[in-house]
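Here's a quick briefing on how some strands line up and how some charged side chains pair off. Have a look at the chain first, then work through the points below.

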Amino acid sequence: MTEIDAKIDALVPAWLTLPDIAEMLDVEVTRVRQLVKEGQLIAVRRGENRALHVPAAFIDGDKVVKGLTGTLTLLKDDGFTDEEMLEWLFTPDPSLPGTPAQALSENRGTEVKRRAQALAV
């Protein structure tokens with residue numbers, strides 16, 4: 001869980017608090033904290049009260065976006081920090097098109113993972 005900088009904050013279009021996510025997933029807030037701790041979600045401190053927030057694009061209705069966890073694992077294995085992962089996921093990629101986060105939400109995770117694996121080479 002890192003402090004967010006203005007560049008990343010501007011890239012991510014919408015954020016959710018951990019209690020919001022818990023309600024959406026129909027779980028306790030402690031379970032959402034565990035998902036963050038396990039690397040299945042990225043949470044950053046932002047706003048006046050520095051509350052933990054997760055990009056809204058990571059949640060699809062009542063579940064975590066398909067392919068997100070595997071993509072985060074690949075990026076972490078490549079040595080990316082949470083901030084670098086957020087920047088990569090929310091920076092437009094003309095070859096996708098759109099951002100990797102958009103591609104994941106559109107069930108194009110294979111393309112995103114392929115690009116994440118290529119970063120390690």
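Thr 17 stands opposite His 53 in strand β4, and Val 44 stands opposite His 53 too. Keep in mind that this is a predicted model.

**Strand β4 and its partners**
- Strand β2 (residues 15-17) runs antiparallel to β4, and 3 bridges join them.
- Strand β3 (residues 44-46) also pairs with β4 in the antiparallel sense, again over 3 bridges.
- The hairpin of β3 and β4 has 4 residues between the strands, and Gly 47 takes a positive phi near 85 degrees there.

- The structure holds 8 salt bridges, and one of them links Arg 46 to Asp 9, with the closest N and O atoms 2.9 Å apart.
- Arg 46 lies in strand β3 and Asp 9 in helix α1 (residues 6-11), so this pair ties together parts that are 37 residues apart in sequence.
- Asp 9 is partly exposed, at 27% relative accessibility.

**Other charged pairs**
- Arg 31 and Glu 38 meet in a salt bridge of 3.8 Å, N to O.
- Both ends of that pair are partly exposed: Arg 31 has a relative accessible area of 37%, and Glu 38 comes in at 41%.
- Which residue forms a salt bridge with Asp 82? That's Lys 76, with the closest N and O atoms 3.6 Å apart.
- Asp 82 counts as buried at 17% relative accessibility, while Lys 76 is partly exposed at 46%.

Key:
Residues are numbered from 1 along each chain as its sequence is written. This is a predicted model: local features need pLDDT of at least 70, side-chain atom pairs count only at pLDDT 80 or more; totals for chains, interfaces and linings use all residues. Side-chain values use heavy atoms; hydrogens and water are left out. Two strands pair if DSSP finds at least two bridges between them. Helices (H or I, at least four residues) and strands (E, at least two) are DSSP runs, numbered from the N terminus. A salt bridge is a side-chain nitrogen of Lys or Arg within 4 Å of a carboxyl oxygen of Asp or Glu. Buried means under 20% relative accessible area, exposed over 50%, partly exposed in between (1.4 Å probe, protein chains only).
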